[in-house]
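Hi,

Here is the structure I promised to pass on.

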Amino acid sequence: MQKEFADIVIPVAVSGSFTYGIPPELRGAMRRGSIVTVPFGQSSNAKGLVISIHSTPPAGFTPKEIIGLLPEEASVNDRLVDFILWISDYYMAYPGEVMKAAIPPADELPGVRVAKRKRSSKTYNPGEVIMPASLNEVQSVAYNTIRDMFSDHEAVLLHGVTSSGKTEIYIHLMLEQLAQGRQVLYMLPEIALTTQIIERLQRHFGDSIGVFHSRLTPAARREVRRRVSDGTLKAVLGVRSSLFLPFRDLGLIVVDEEHDSSYKQYDPAPRYHARDAAMMLSRIHGGKTLLGSATPSLESYHNASAGRFGYVELTTRYGDVMMPEMIVADTRSFGRKTKMVSHFTPRLIEAIEEALGKNEQVILFQNRRGFSPYLMCPDCGWVPGCTSCSVSYTYHKGIGKMVCHYCGKSMKLPSVCPGCGSEALTTKGFGTEKIEEEIRLIFPSSRVARMDQDTTRRRSASAEILSDFAAGATDILIGTQMISKGLDFERLTVVGILDADNMMHFPDFRAFERSFQLMEQVSGRAGRRTRRGKVIIQTADPSHIILRQVLKHDYKAMCRVQLEERSLFGYPPFTKIIRLSVRHRDLDELNVSAARFAEILRRQLGSHVLGPEFPVIMQVQKWYIKTIMVKIDSSLSPSKVKEMVRKAMETEFKEPRKGILRIHADVDPQ
Ligand code: ADP
Ligand code: ZN
Ligand code: ZN
């Protein structure tokens, strides 16, 4: 019997798929995963993804017909269709939203001419490919244990202190997959990290490894996609979006820095967690997932403790390099004696001087960009803030403007305070830009660079900053979390963490875990080779429990304490959370709708529903926000709860109200 109907997903925010008729001339060529053009709404040639082909006519209407079929090169394979549908279901995204993330945009489709750009990356001469270094005793044991554990676990967590040689183990495991003819994916949380590691990988993989992320040109992305699909590209180094590449046969996914929250996509939907999605993708391919970190997420550590993941530990650095010396510098006691040199304790200044004197390098970490997080009128206390978002403006001295970090709006500094007419606004707090200015004043002859969102807008900027630092052309590198991970520099010995307090006191149940991870990661950059590193942590709260654990590099103590708290208060990994965000431009309408929505949910889920509550930032780009949290403990079925929530979202949307109400779900929010 001829299969003359196809269920098709259209890249718009609607639930489900649409049934179309397949014209006879296309019937032989059509398959699950084909991309077709169809009439949809006002459009006569909307793109659609075929998710099933069958012979059951739709009930109650005559379907429209498919118009055209895109070339095979544009289509996705069966496994990728399964993956797209799983993401849609698990993360409560419309299938069309996931399709948009997975299917290349028009300018990356085959048949579309793209202006040729000069290739910026070196092409690799396959003759130069060299064997990886042989693993030492400790690494070999870890390598063999990982392989053993893969025989009865889909995922293994490799917990290895910074610079323990994890990457070297990944390389060996990846080469093994290639030898078996399978493909591998090596994931990193940020584009900036791919630039340093790709050269190291190309030495061993030559032309069979490619890089994939959003900063590539459309032509380069298209080329990677084509080679992944035809199987000539065996290994990919990429960020979270590389999960949607058309792999034929993935044997292994490595998720490096698996604890990193950048793996979670927040906007737009699908709001997926690339680490967790990677495990599903591996399962679809019958492959394995290796999670690696010096500071695993509590979720992964908990999964490993419960036996769901294999667990392998590396407790020493490669070559027995010592872990860095950790020093806490109390900003209050120094402040009282007015020994602080602007934002720097004497301890930190001395350490920097000493390093510079020995021709060594320094990293200064401040998790805030801009000059100062806010301005204030010293006379009346007025703080200028964005009128569309409920946040204060960050002052950027370099451009002479105040910038909203939520919507990007910028404004010139007012010459007088609109509240009291006072003429001097003072800066409060400090960001990377201010640190840079002050360091240049204190160390006028040293070479200083800054790496944050503002200095890396150009495509190759971050690669340049890092290669300058690697080449020794920079002495002091100042940066945000962009410089906290993965980087490996021989002469870097001193790391300064300028303000530990703003991390630890962030209002979030993960704040302590995150602070530990961030401090441990950034300290891990210091003294990775022969010289022992030194880390100076500035804080006004030196006896804080997290600092005591960081000082001893005691990850397990941090885990024990934090897991107890999570269990006590019902947070992940002991529950699953769905965060619902309700938005409206009118505050009263929002309050009414959010309360109603929570009420609908509460009727079925009772005390598992919390809120509605205003988030820390209650207004972004003129939209007021309220959040409702659904906590799913072991007494509930996550998929049933999601179904319930989905239905409730639809009923609340259907009620005619004033203006537009937006609700979105964030499953496993970070
Ligand atoms: P991690 O990924 O755990 O931070 P790396 O794999 O980057 O650690 O290793 C840290 C340093 O030790 C790197 O400079 C790396 O080249 C070196 N190294 C690790 N394993 C070996 C090995 N088996 N032989 C030679 N050098 C190694
Ligand atoms: Zn004033
Ligand atoms: Zn704003």
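Let's begin at one of the metal sites: the zinc ion (ligand 3) sits in a tetrahedral site, with angles of 107 to 111° among its four donor atoms. Before you read on, bear in mind that this is a predicted model. The four donors here are the SG atoms of Cys386, Cys389, Cys404 and Cys407, at 2.2 to 2.4 Å from the zinc ion (ligand 3). If you want to find them in the sequence, look for the spacing C-x2-C-x14-C-x2-C. Cys389 counts as buried because its relative accessibility is 0%. Cys407, at 24%, counts as partly exposed.

The other zinc site I looked at holds ligand 2. Which residues donate to that zinc ion? They are Cys377, Cys380, Cys417 and Cys420, each through SG, and they lie 2.2 to 2.4 Å from the metal. This site of the zinc ion (ligand 2) is tetrahedral too, with angles of 103 to 113° among the four donor atoms. Along the chain its donor residues follow C-x2-C-x36-C-x2-C. Here again a pair links distant parts of the chain: Cys377 comes from the loop between strand S15 (374-376) and strand S16 (394-396), and Cys417 from the loop between strand S18 (410-412) and strand S19 (426-428), 40 residues apart. Are these two cysteines buried or exposed? Cys377 is buried, with a relative accessible area of 1%, and Cys417 is buried as well, at 2%.

While you are in that region, click on Ser388. Ser388 is in the loop between S15 and S16, and it is buried, with a relative accessible area of 8%. Setting aside neighbours within four places in sequence, Ser388 is in contact with Lys409, Gln619, Val620, Gln621 and Lys622. With Lys409 there is a side-chain polar contact of 3.0 Å. The C-alpha atoms of Ser388 and Trp623 are separated by 7.7 Å, although the two residues are 235 residues apart along the chain.

You'll find Lys622 in the loop between strand S26 (619-620) and strand S27 (623-632), and it is partly exposed, with a relative accessible area of 42%.

The loop between S10 and H7 has several things to show. Glu257 is in this loop and has a positive phi of about 50° without being a glycine. Glu257 is buried, with a relative accessible area of 8%. Pro268 is also in the loop between S10 and H7, and the peptide bond from Asp267 to Pro268 is cis, with omega near -5°. Pro270 lies in that loop too, joined to Ala269 by a cis peptide bond with omega about 0°. As for Arg271, its charged end sits over the ring of Tyr266, 5.7 Å from the ring centre.

Now the aromatics, where the count comes to 13 pairs. Trp86 and Tyr91 make an edge-to-face pair, 5.9 Å centre to centre with 90° between the planes, and both residues are buried. Phe244 and Tyr272 are edge-to-face as well, because their planes are at 80°, with the centres 5.5 Å apart. Phe244 belongs to the loop between strand S9 (235-238) and strand S10 (250-256) and Tyr272 to the loop between S10 and helix H7 (274-285), so this pair ties together parts 28 residues apart in sequence. Both Phe244 and Tyr272 are buried. Elsewhere, Tyr301, Tyr311, Phe516 and Tyr555 form one aromatic cluster. One more ring to check is Phe614: the charged end of Lys626 sits over it, 4.7 Å from its centre.

Last one: Ser163, in the loop between strand S6 (155-160) and helix H4 (166-179). Ser163 counts as buried, at 15% relative accessibility. Leaving out neighbours within four places in sequence, it is in contact with Arg317, Tyr318 and Arg528.

Cheers

Definitions and conventions:
Residues are numbered from 1 along each chain as its sequence is written. Chains are lettered from A and ligands numbered from 1 in the order in which they are written. This is a predicted model: local features need pLDDT of at least 70, side-chain atom pairs count only at pLDDT 80 or more; totals for chains, interfaces and linings use all residues. Side-chain values use heavy atoms; hydrogens and water are left out. Donors are N, O and S atoms within 2.8 Å of the metal (3.2 Å for Na, K and Ca); water is not among the atoms, so sites may look incomplete. Four donors count as tetrahedral if all angles lie between 85 and 135 degrees; four count as square planar and six as octahedral if opposite donors are over 155 degrees apart and all others between 65 and 115; anything else is irregular. Helices (H or I, at least four residues) and strands (E, at least two) are DSSP runs, numbered from the N terminus. Buried means under 20% relative accessible area, exposed over 50%, partly exposed in between (1.4 Å probe, protein chains only). Rings of Phe, Tyr and Trp (its six-membered ring) pair if their centres lie within 6.5 Å; planes under 30 degrees apart count as stacked, over 60 as edge-to-face and the rest as tilted. A charge sits over a ring if NZ of Lys or CZ of Arg is within 6 Å of the ring centre and within 35 degrees of the ring normal. Contact means heavy atoms within 4.5 Å. A polar contact is a pair of N or O atoms within 3.5 Å; within protein, one must be able to donate a hydrogen and the other to accept it, and residues adjacent in sequence count only if both atoms are side-chain atoms.
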